[in-house]
Amino acid sequence: MCVAFCFSSRRNALAEQWDCPFIEASAKDRINVNEVFATVVREMNMTSEKRQKKSYCCCTLL
């Protein structure tokens, strides 16, 4: 149990450091699949809005 907790705290810290959401999902068990898809689309839309405000962009999500 400690190993899982240690990994989850590291995942959460990295997600916070990279300013991105973290969602644990399983396609096999159909857990959080729709949530992951919706979150990716939401993040892409937010990135597009930020890109329009800037005069340049360093990357594009495909």
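1. Thr39 is found in helix α2, where helices are DSSP runs of H or I, at least four residues, numbered from the N terminus. At 14% relative accessibility, Thr39 counts as buried, meaning under 20% relative accessible area; exposed is over 50%, and partly exposed is in between (1.4 Å probe, protein chains only). Leaving aside residues up to four places away in sequence, Thr39 touches Pro21 and Ile23. A contact here has heavy atoms within 4.5 Å.

2. On provenance, this is a predicted model, in which local features need pLDDT of at least 70 and side-chain atom pairs count only at pLDDT 80 or more, while totals for chains, interfaces and linings use all residues. Residues are numbered from 1 along each chain as its sequence is written, and side-chain values use heavy atoms, with hydrogens and water left out.

3. Val40 also deserves a line. Val40 lies in helix α2. Its relative accessibility is 43%, so Val40 counts as partly exposed.

4. Now the backbone of the loop. Arg30 lies between α1 (2-17) and α2 (33-53). Arg30 is not a glycine, yet has a positive phi of about 55°. Its relative accessible area is 75%, so Arg30 is exposed.

5. Asn32 sits in the loop between α1 and α2. Phi of Asn32 is near 60°, a positive value in a residue other than glycine. Is Asn32 buried, partly exposed or exposed? At 29% relative accessibility, Asn32 is partly exposed.

Methods: Helix = DSSP H or I, 4+ residues; strand = E, 2+ residues; numbered from the N terminus.
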